[in-house]
Amino acid sequence: MAKPDIVILDKFLKTLEIQKSLRLPAVLALGLFMYIGLSSSQEIFGIPKHPIFFGCLVIIPSIIIFHYFNWRCPACSKYLGRINPQLHKCPHCTVILQDKSTLHQPEDK
Ligand SMILES: [Zn+2]
């Protein structure tokens, strides 16, 4: 059995951390966007809703585009599909992205 490449594991870990850090801004922007769409009020938290609406229109596609370019295999650079923190191997080149022994375990202290 081939040993996992430490450089690949490290690069994928960084990619995964970036993807995880994008969750909160993505959910907030989507939630705000939907709230603005459903709200009849002209202000949100005392701020006119149009700048917030257009801010969401910039942030949401930016996150999607960044995700598309970030969520790639560090070895073959192909898109990895839906985000799966438990992804063990690249579905394209089958390089090991995460050591199975580190999956399903709480972080070290
Ligand atoms: Zn690959």
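**Entry 1: model and helix α2.** I note at the start that this is a predicted model. I looked up helix α2 and found that it covers residues 23-38, which is 16 residues, and that it reaches 22 Å from its first C-alpha to its last, close to the 22 Å expected at 1.5 Å a residue. I then asked how many of the residues of α2 are buried. The count is zero among its 16 residues, and I therefore wrote the helix down as hardly covered, with 20 or more other C-beta atoms within 10 Å being what a buried residue would need.

**Entry 2: α2 against α3.** I looked up how the two helices pass each other, and their axes come within 9 Å and cross at roughly 140°. That angle makes α2 oblique to α3, because only angles over 145 degrees would count as roughly antiparallel. The handedness of the α2 and α3 crossing is recorded as left-handed. For the contacts, I listed Pro-25, Ala-26, Ala-29, Leu-30, Leu-32, Phe-33 and Ile-36 on the α2 side, which meet Lys-49, Ile-52, Phe-53, Cys-56, Ile-59, Ile-60 and Ile-63 on the α3 side. A general point I kept beside this list is that an α-helix has 3.6 residues a turn, so residues three or four places apart point the same way.

**Entry 3: two residues of α3.** Phe-53 sits in helix α3, which spans residues 49-70. Is Phe-53 buried, partly exposed or exposed? It counts as partly exposed, because it has 14 C-beta neighbours inside 10 Å. I also looked up its separation from Met-34, which is 19 residues away along the chain, and the two C-alpha atoms are 9.4 Å apart. Pro-61 lies in helix α3 as well, and it counts as exposed because it has 10 C-beta neighbours inside 10 Å. From Pro-61 to Leu-80, which are 19 residues apart in sequence, the C-alpha to C-alpha distance is 19 Å.

**Entry 4: the nonpolar core.** I asked which residues make up the largest nonpolar core. There are five in all, namely Phe-12, Cys-73, Leu-80, Cys-90 and Leu-97. Leaving out residues up to four places away in sequence, I found that Phe-12 touches Pro-74, Leu-97 and Gln-98. As a general remark, nonpolar side chains tend to be buried together in soluble globular proteins.

**Entry 5: positive phi.** Most residues other than glycine have a negative phi, and I therefore noted the exceptions that turned up. Phe-45 is not a glycine, yet its phi is positive at about 55°. Phe-45 lies in the loop between β1 (43-44) and β2 (47-48), and with 7 C-beta neighbours inside 10 Å it counts as exposed. Ser-77, also a residue other than glycine, has a positive phi near 65°. Ser-77 is placed in the segment after α3, and it counts as exposed with 11 C-beta neighbours inside 10 Å.

Entry 6: Ile-44 is found in strand β1, where I recorded it as partly exposed because it has 16 C-beta neighbours inside 10 Å. Setting aside residues up to four places away in sequence, Ile-44 touches Ile-36, Ser-39, Lys-49 and Ile-52. Its C-alpha atom is separated by 9.2 Å from that of Leu-32, twelve residues apart along the chain. Lys-20 lies in helix α1, residues 6-21, and it counts as exposed with 11 C-beta neighbours inside 10 Å.

Conventions
Residues numbered from 1 in each chain as written. Predicted model: local features only at pLDDT ≥ 70, side-chain atom pairs only at ≥ 80, totals over all residues. Helix = DSSP H or I, 4+ residues; strand = E, 2+ residues; numbered from the N terminus. Expected span 1.5 Å × (residues − 1). Buried ≥ 20, exposed ≤ 12 C-beta atoms within 10 Å, placed from the backbone. Core = buried A, V, L, I, M, F, W, Y, C linked by C-beta atoms within 7 Å. Contact = placed C-beta atoms within 7 Å. Axes fitted to C-alpha atoms, helices over the stretch in contact; angles between N-to-C directions. Parallel < 35°, antiparallel > 145°, perpendicular 65-115°, else oblique. Left-handed = near helix turned anticlockwise from the far one by under 90°.
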